[in-house]
Amino acid sequence: MKKFKLLIAALLPLCGVTAQEQTAPAQPETGIVFLESTYAEALQKAKDSGKILFIDCYTQWCGPCKQLARTTFKDAQVAEFFNESFVNLKLDMETPDGVTQKDKLGVNAYPTMVFIDPASEEVIHKIVGYNNAQSLLKSTTSGLSGRNLKTMNARYDAGERSDEFIEEYVEILSDANEKDRLAEVVTPYLENKYEEMLTNRKLFSLFMGYVESPYSKPFVFFHENKDKFIAQYGDMQVNMKERFTWNLYGRKFVVKGNDGTYTFDEKGFDDYMKYMKKNKVKEAKKIEISTLMYYAECMQDWKKYISYGDKLISKYDADMLEVYNWVIRINKLCADQKLRNHAAIWCDKYATILEQEEAQKAQQAKSGMTMAMRMGPQSNNFIQMAAELRAPIK
């Protein structure tokens, strides 16, 4: 080898080029080596190699996905471990292949990193959100050692219910963004511990994050002892949890069928309205309109959607962030220019209100007074959205 290198060095001058003028050979790209293939092709390669299939589920618009690709996936330790241990695939979840695999992989946020058993196509482990190199290696090695979704699901389904196990299981489910499973696990776990929520902040945090049913024992206790919870934890998060739970549960009566179509469970929702009345929920009527508005969105009935929005704005003083989210959806999904113009009028209204607030703050600042800054969209956000809504659709 040494003689060969000397021979090359001797020949270079004969070629009329000095060593300094040579272009350095292209270095191989560092980082995880991802297949450029379909899910089915990658799955077959994983079967043939006897390795687990690792899938980076991403979208083109996802900032944290791009950050993962630029940093964590380029890390030398991460690359060495993943290239040695797995067959690696990047899957754009908005391509036909990605859309087809989305439900099977349980992807509901981005980025989601999924580890698949190629023999059964079961999800072994799942990590959601940006992770730095150290965190990804820790979560991955922990998952491979048995602390993963597949194993923990099996242990739970077999009846394991110790406090230590549930706490560990909840952590893994949370890392995987398994919201439905979290509600299934946490609610019964708190069934006999709900009174402890008043003194145990960890239990209260589990309730706040994962109990979704207003019919559940933990929520009933929470609702009946609201004043005690406010005294212990403050009114802001207690009131927010109460409103959020009553409102969100109404959406469960909008049912998506296997064929992708939606139906509305009128009988179930009527019973829910009676239940809210029994519990003296002040915003029950607003929740009813919000639920119907959500159903109209699912049905892509933008005329009804806007009519419900008008009611919420005129009768119930709809929150500005709510309205801003409505107009984002209309701007993105509604092609009817008349309806888009109507939504632009909403934007005009709230832009004016915010401009007046901003002028008042500026005036008070001159006199040495300060006002708390409003969270959420500002006047310029509504002004820009109004312009987009009024612009001809390309």
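The model is predicted, so local features need pLDDT of at least 70 and side-chain atom pairs pLDDT 80 or more, while totals for chains, interfaces and linings use all residues. Residues are numbered from 1 along each chain as its sequence is written, and side-chain values use heavy atoms, with hydrogens and water left out.

Let's start with the rings. The whole structure holds 41 aromatic pairs; rings of Phe, Tyr and Trp (its six-membered ring) pair if their centres lie within 6.5 Å, and planes under 30 degrees apart are stacked, over 60 edge-to-face and the rest tilted. One of them is F54 with F82, edge-to-face at 4.8 Å centre to centre and 75° between the planes. F54 belongs to strand β1 (residues 52-58) and F82 to helix α4 (residues 76-85), so this pair ties together parts 28 residues apart in sequence. Here helices (H or I, at least four residues) and strands (E, at least two) are DSSP runs, numbered from the N terminus.

Are F54 and F82 buried or exposed? Both are buried, meaning under 20% relative accessible area, where exposed is over 50% and partly exposed in between (1.4 Å probe, protein chains only).

Next come Y249 and F253: their planes stand at 75° with centres 5.9 Å apart, so they are edge-to-face too. Y249 is buried, at 15% relative accessible area, and F253 is buried, at 10%.
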